[in-house]
Amino acid sequence: MYSCAGLGVTATNNTATTMEEDDDEEEEEEKEEEEEGGNKSLSSESDEEEEEEEELMLGSGKGNRERWIEHYASSHRILLVGEGDFSFSLSLAKAFASAHNMVATSLDTHQDIVSKYSNGIENVRELEEMGCLVLYGVDATKMSKHFFLRTQRFDRIVYNFPHVGFIFPEANGCQIKLNKQLVKGFLMNGKALLRKEEGEIHVTNKDGDPYDKWDLVKKAKKIGLALHESIPFCKDKYPGYGNKRAHGSYSDAPFRLGDCTTFKFRLAQEGSC
């Protein structure tokens, strides 16, 4: 005969054991849930931090994938004029991770780029692979008549260190006059290609004599452009950019920059002085 007491004890022990096991399992499950919750929280925080860092890098708010480098954004339709080895254009394109909104131009022919610059053609190749339209033989003083450019309007039109080449010594009156004519022609043509809403023409030039005699701001005002802002130009803020002489037997060599300024012009408002 079996002892009911024994069975009872056994049953009680089994129940106690089962209850203890259940309690252990529940505790383990709770720990796992807490750990999962903690991991999710950490993961969520990490994701949010990454998003915030990315937004800061892109210079945008939530949902906006715009990328910036100085005063240029990936959403801007940008025309670059008078490029040398196209390294400035490429610097922007790399910052944007795209060049689909960019048109880069040079007065030089394709063969000129090959013969004058050690990295010119490689830079062009990279730009084109990133979606940039590269145009050769574009005269800054006639570009508003160009068969393609005349159909376009741009948010930013950029000409860094405009120069006609060393026909006379830099401080010679004739040389200054030629450079002034170049700048005037560029500004007039740029104005025709500029978008009316907050479009800007940027001219970067060296400070001091004889460059101050070019009268950039005065010439712009005469053709209906107002100075929006002028800020110091820092070459180091454009990784990979190399300023080139572009003329003569040392066309691929850099020239001394010193202090430089970027002048930003907008269409003058009607009735403004």
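**Start with confidence**

Colour by pLDDT, the predictor's confidence in each residue, from 0 to 100: the protein averages 82, and 75% of the residues score at least 70. Now select residues 40–44, where pLDDT is below 50 and the model has zero contacts (heavy atoms within 4.5 Å) beyond near neighbours in sequence. Move on to residues 50–63: pLDDT stays under 50 here too, with 13 contacts beyond four places in sequence.

A word on ground rules: this is a predicted model, local features need pLDDT of at least 70, side-chain atom pairs count only at pLDDT 80 or more, and totals for chains, interfaces and linings use all residues. Residues are numbered from 1 along each chain as its sequence is written, and side-chain values use heavy atoms, leaving out hydrogens and water.

**Helix α2**

Eight of its 10 residues are buried, so α2 is largely enclosed by the rest of the structure. Buried means under 20% relative accessible area, with a 1.4 Å probe and protein chains only. Among the buried ones are Phe88, Leu90, Leu92 and Phe96. Show what they pack against: β1 (68–69), β2 (72–73), β3 (78–81), β4 (102–105), α4 (120–129) and β6 (156–160). Just after α2, click Ala97, which has a positive phi of about 60 degrees.

**Cysteines**

How many disulfides are there (cysteine sulfur pairs within 2.5 Å)? The count is zero. Cys260 is in none, and the nearest cysteine sulfur, that of Cys234, is 9.7 Å away. Cys260 is buried at 4% relative accessible area, and Cys132 is buried at 6%.

Technical notes: A disulfide is a pair of cysteine sulfur atoms within 2.5 Å. Buried means under 20% relative accessible area, exposed over 50%, partly exposed in between (1.4 Å probe, protein chains only). Helices (H or I, at least four residues) and strands (E, at least two) are DSSP runs, numbered from the N terminus.
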